[in-house]
Amino acid sequence: MTGLRVARQLPAEQPGWTVSADVVVVGSGIAGLTAALEARKAGRVLLVTKTRLSDSATAWAQGGIAAALGPEDSPDQHLQDTLVAGVGLCDEAAVRTLVTEGPRRVRELAALGAEFERTADGAIALTREGGHGQDRIAHSGGDATGKEISRALLDALHAVREDPAIDVYEHALMTDVLTDASGRACGVGLHVLGEGRRGGIGAALGRAVVLATGGLGQVYASTTNPSVATGDGVAAALRAGAEVADLEFVQFHPTVLWLGRSAKGQQPLISEALRGEGAVLRDVEGRRFMLGRHDLAELAPRDVVAKGVVTAMAETGAEHVWLDARHLGASFVEERFPTIVARCRSFGIDPARDLVPVAPAQHYASGGVRTDWRGRTTVPGLYACGEVSCTGVHGANRLASNSLLEGLVWGHRIAADLVETLADAHPGDPVDRGGSQVLLDADARPFIQSAMTTGAGVVRSESSLTTLAARLATLTTLADGPDSTVVPAPDSWETTNLHAVAVTLGRHAAIREETRGGHWRADFPERDDERWRAHLVSVVDADGVLTTRYEPMKESA
């Protein structure tokens, strides 16, 4: 499974400035902020983020954070629900780590200042989302949990900004993970813009690098991800030689506000928590189509509900289905979901009184840069946590609200490993990795997004994926041509990152000939445990060749 070539590094000018720290953390969501705050125990930290500290997917998270906090719940029950949602591909040891350490980390987050909704007796109030057998979703501000968690962590960061052990660079786009002659990570290339303190290309050097760059949603035409989610971490890790796993498993959220076929970019999410409180799905003819499809109906795992929505749309010839919360009462809906109500009303839709048009859109990448239980990637000195990573927790389909918990738990675990090991880390100077350096024009982004949406969207097939590969290949052919002089610019780097992600994701989706979790093959509609209870792992070798291998699942001890 070889043959494709991928750039080993992005074309860029030589660094005009250098800054050094013990640990460089890239990203300012729950994973990056947690890692940065905790890694101060290991040494000086440099936190860099693409735009502003508050511009992360964490701030957009509506539903909540999952943890076994209730008296009738337990880590074992949370474990079982996660394994079921992951459809046979979760690393059980990683999941056990998540659910065991999760409750303590959420309580610590509350002690740090995150204000979760409380019951009359002062306990953290819990609700339920799809795939959960117990009420275990802690939430804040009705449907603004991520925003509140981000605020609390940023307040904690601002409180220590005068601490010489931490420094922050905003408006800083990572161009590449830098490596020394032995292949060890030794920093990142940065392009600081606008309000950043340095101009142009520079290098942030460190004894360890933590990628917490978030998702890859902008590789699709419609996504719930913010505009910064351009797959930078996955692409940079690939170029540095790190393994990327399970990229074919893309979660499409079943209830995203449908704004018409011409709507592109980030789309308004209608949280699963609304269904957790009793909202139901209806096709355009008024039928509750999830009844009979799964025992949990609208609260089935997301991949099941997304497939139900797509099937209902196909059966009725409609471009959306309806989410019906009218029976919940206006006062309850307005109080419990103020963010959703306000956003819908801005488009002339009142969830308390109207049927809400919804359809699936890309939401979350279950795969990513492969890590171990400490957050270490296969490149020495390089760590990853949050959505950019593949810890083994999510398998083929993420259980609702496990993502914030994963970022929180693995941010702590990475910091703990750094405390133990950083003193022995002595990387050399960055070296030029050589190889081809294709840079795509920013104008290619809509082409990539259209190709991915058609070829590797909710439903895939051999035909769609073959066409996708051919369309993506035309871009590198053009970029290698004699008339393709492109001046390096942030939009071009992001577009090149999206292309690397698209090529790898498409390749995984073409190889996996079954339907499982977030991967739906119309030509292989059944789950095939005999052949496909396995991971697909991609890596770029020293010659820039992308290799993908088949790796059978290891049975849990």
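Mentor: Strands are DSSP runs of E with at least two residues, numbered from the N terminus. The model before us is predicted.

Trainee: With that in mind, where does R8 lie?

Mentor: R8 lies in the loop that joins β1 (4–5) to β2 (18–20).

Trainee: Let us turn to S464. Is S464 buried or exposed?

Mentor: Buried means a relative accessible area under 20%. S464 has 17%, so this residue counts as buried. S464 is found in helix α12, which spans residues 462–479.

Trainee: Which backbone atoms does the side chain of S464 reach?

Mentor: The S464 side chain reaches the backbone oxygen of G455 at 2.9 Å and the backbone nitrogen of S461 at 3.0 Å. Leaving aside residues up to four places away in sequence, S464 touches T454 and G455.

Trainee: Now the sheets. What is the strand order in the open sheet of six strands?

Mentor: The order is β1-β24-β23-β14-β20-β22, and the pairing is mixed. The edge strands, β1 and β22 (389–390), each pair on one side only. Within this sheet, β14 (residues 244–245) and β23 (residues 534–540) pair in the antiparallel sense over two bridges; V244 has S538 in β23 as its bridge partner.

Trainee: And what is the order in the open sheet of four strands?

Mentor: That order is β2-β11-β10-β9, again with mixed pairing. From one strand to the next, the twist averages 25°. Here β10 (residues 185–192) and β11 (residues 200–205) are antiparallel partners over six bridges, and V192 has G200 in β11 as its bridge partner.

Trainee: Across which strands does helix α13 lie?

Mentor: Helix α13 (residues 490–511) lies across β1, β14, β23 and β24 (545–552), running at about 40° to β24. Helix α13 also lies across β9, β10 and β11, with an angle of about 55° to β9.

Definitions and conventions:
Residues are numbered from 1 along each chain as its sequence is written. This is a predicted model: local features need pLDDT of at least 70, side-chain atom pairs count only at pLDDT 80 or more; totals for chains, interfaces and linings use all residues. Side-chain values use heavy atoms; hydrogens and water are left out. Buried means under 20% relative accessible area, exposed over 50%, partly exposed in between (1.4 Å probe, protein chains only). A polar contact is a pair of N or O atoms within 3.5 Å; within protein, one must be able to donate a hydrogen and the other to accept it, and residues adjacent in sequence count only if both atoms are side-chain atoms. Contact means heavy atoms within 4.5 Å. Two strands pair if DSSP finds at least two bridges between them. Axes are lines fitted to C-alpha atoms, for helices over the stretch in contact, and angles run from 0 to 180 degrees between N-to-C directions.
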